[in-house]
Amino acid sequence: LYRGRAGHGLPCRVPVGGAKMRRNAGALVTILLVTVALPWIGVTFAPPDAGMAVGFLLFFGLNPMCSMFVGIWSGMEGKSRWYLPLVYAAAYLLGAWGFFAPGEPVFLGFAGAYLGISLLAMAVTVLVRRGIRRESAR
């Protein structure tokens, strides 16, 4: 079902029911799980001698990969998901400062790197999708 535009009765392609908002809410929940819940789980349940390994796994493995996926997901519909890379970087800071070292400035560098990865993946996705659309229009 689609609704008309602002009382004009003209058809438009705006879905009724906020399906985009539900998909974006799912992405936000996933971002919070990865950036806040996983560091808490690592700090709480990992043995003290494995804490460094958990940190390396999160900072150099899982977080860069997730920031790339956030960028790809944002690039699919850039007009409605442009803010997700910013949310990912902010949520990362929340989780890192909350559970590892509050106020540690090195985490700002990590957040900037993850933001850069997300924005780069978003730009590549937009360009690839634009090229695919041009090819299909020929």
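Q: Which residues line the second largest pocket?
A: This is a predicted model, in which local features need pLDDT of at least 70 and side-chain atom pairs count only at pLDDT 80 or more, while totals for chains, interfaces and linings use all residues. Residues are numbered from 1 along each chain as its sequence is written, and side-chain values use heavy atoms, without hydrogens and water. A pocket is an open set of points on a 1 Å grid over the protein atoms alone, with protein on both sides within 12 Å along at least five of seven lines, and lining residues have an atom within 4 Å of a point. The second largest pocket is lined by Ala-27, Thr-30, Ile-31, Val-34, Cys-66, Phe-69, Val-70, Trp-73, Leu-84 and Tyr-88.

Q: Which elements give two or more residues to the lining of the second largest pocket?
A: Elements are DSSP runs numbered from the N terminus, namely helices (H or I, at least four residues) and strands (E, at least two). By this count, the elements that give two or more residues to the lining are α1, α2 and α4.

Q: How many residues of the lining of the second largest pocket are nonpolar?
A: Ala, Val, Leu, Ile, Met, Phe, Trp, Tyr, Cys and Pro count as nonpolar, Asp, Glu, Lys and Arg as charged, and the others, Gly among them, as polar. In this lining, no residue is charged and 1 is polar, while the nonpolar residues number 9.

Q: How much space lies in the largest pocket?
A: Met-76, Glu-77, Gly-78, Lys-79 and Arg-133 lie nearest the centre of this pocket, among its 10 lining residues. The lining divides into 2 nonpolar, 2 polar and 6 charged residues. Its volume is the space filled by probe spheres set on the grid points, which are joined across faces, edges and corners. That space comes to about 270 Å³.

Q: Which element supplies the largest share of the lining of the largest pocket?
A: Helix α5 covers residues 106-137. With 4 residues, the largest share of this lining comes from α5.

Q: Is Arg-81, a partner in the salt bridge, buried or exposed?
A: The structure holds 1 salt bridge, a contact in which a side-chain nitrogen of Lys or Arg lies within 4 Å of a carboxyl oxygen of Asp or Glu. Glu-77 and Arg-81 form this bridge, with 3.7 Å from N to O. Residues are buried under 20% relative accessible area, exposed over 50% and partly exposed in between (1.4 Å probe, protein chains only). Glu-77 is partly exposed at 25%, whereas Arg-81, at 2%, is buried.

Q: Which residues line the largest cavity?
A: A cavity is a set of grid points where a 1.4 Å probe fits but cannot get out. The structure holds 1 cavity of 30 Å³ or more, and about 30 Å³ of space lies in the largest one. Its lining has 6 nonpolar, 3 polar and no charged residues. These residues are Val-34, Thr-35, Pro-39, Phe-59, Asn-63, Tyr-92, Gly-95, Ala-96 and Phe-100.

Q: Which helix gives the most to the nonpolar patch?
A: A nonpolar patch joins Val, Leu, Ile, Met, Phe, Trp or Tyr side chains within 5 Å, from residues with over 30% relative accessible area and no salt bridge. Met-65, Met-68, Phe-69, Ile-72, Met-76 and Ile-117 form such a patch, with about 480 Å² of accessible area together. Ile-117, with a relative accessible area of 31%, is partly exposed. With 5 residues, the element that gives the most is helix α2.

Definitions and conventions
Patch = residues over 30% accessible without salt bridge, like charges linked within 9 Å, V, L, I, M, F, W, Y side chains within 5 Å. Areas by Shrake-Rupley, 256 points an atom, 1.4 Å probe, with all protein chains shown as cover.
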